[in-house]
Amino acid sequence: MLLIVYHVSLMYNSRGFLLKAPDSSSIFDIIHLWTHPWRMSLLFLISGVVTGMLLTRQTPEVLRRARTRQLLVPLLVGVPFLIPPQMYVCLNTSLGVNISLRDVFWHYLTLTPVPLPDGSEVNLFWMQHLWYLAYLWTYTVILTLVVSAWPKLLPLASDRLTPRLAGKWILIIPVMLFILLRLALRPAFPRHSIS
């Protein structure tokens, strides 16, 4: 639900986005600010919990093969077939380019930049939201390789973290960790947008 609220706020707030409503409101800027830091962190947290639970039921090798089928196949199909239509909409609506969908596919697949009306160029080869699949697959592969080499890692981590994450600390510690990571990493990795 948080992802839905976040993306709706992008359509109505004052920031740039692929599709914008004709009216904007500062209330949607506030919604954006409150939901943005948590949306992807929560998805990775849920994915991590599920991966940890699966590793108690199957070997790291079986999980790695299953995740490769579940994540890389949609990524490899989605990158050439889902991203170019999104770029087509962005180029024609937000960036003022008059380009056909066929030409967008050609530029995307040949890695050639598209000229913009202001004289600059834009490269189209991005993963857009599919980056999540690539990252999740990479993290899963790393974790399963580490667990294969050190089978006691997850039980040891569980034994150490369970007493510290009891009661109210189950919420306080992760929230504080996310806030500290955001404050530390945001200056080094500023957000980039396509518009």
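The dialogue below turns to helix packing and then to a pocket.

Modeller: This is a predicted model, in which local features need pLDDT of at least 70, side-chain atom pairs count only at pLDDT 80 or more, and totals for chains, interfaces and linings use all residues. Residues are numbered from 1 along each chain as its sequence is written, and side-chain values use heavy atoms, with hydrogens and water left out.

Colleague: At what angle do α3 and α6 pack, and how far apart are their axes?

Modeller: Two packed helices are described by the angle between their axes and the distance between those axes. Here α3 and α6 pack at about 170°, with axes 9 Å apart (lines fitted to C-alpha atoms over the stretch in contact, with angles from 0 to 180 degrees between N-to-C directions). The two helices, α3 and α6, are therefore roughly antiparallel (over 145 degrees). The contact of α3 with α6 divides into 13 nonpolar, four polar and three charged residues.

Colleague: What lines the second largest pocket?

Modeller: Rolling a probe the size of a water molecule over the atoms shows where empty space is left. The second largest pocket holds about 1200 Å³ of space and is lined by 28 residues, with Leu-45, Gly-48, Val-49, Gly-52 and Leu-161 nearest its centre. Helix α2 gives the most to this lining, with eight residues. By class, the lining of the second largest pocket has 20 nonpolar, eight polar and no charged residues.

Key:
1 Å grid on protein atoms, 1.4 Å probe; cavity = no way out; pocket = protein on both sides within 12 Å on 5 of 7 lines; lining within 4 Å. Points joined across faces, edges and corners; volume = space filled by probe spheres on them. Helix = DSSP H or I, 4+ residues; strand = E, 2+ residues; numbered from the N terminus. Nonpolar A, V, L, I, M, F, W, Y, C, P; charged D, E, K, R; others polar. Parallel < 35°, antiparallel > 145°, perpendicular 65-115°, else oblique.
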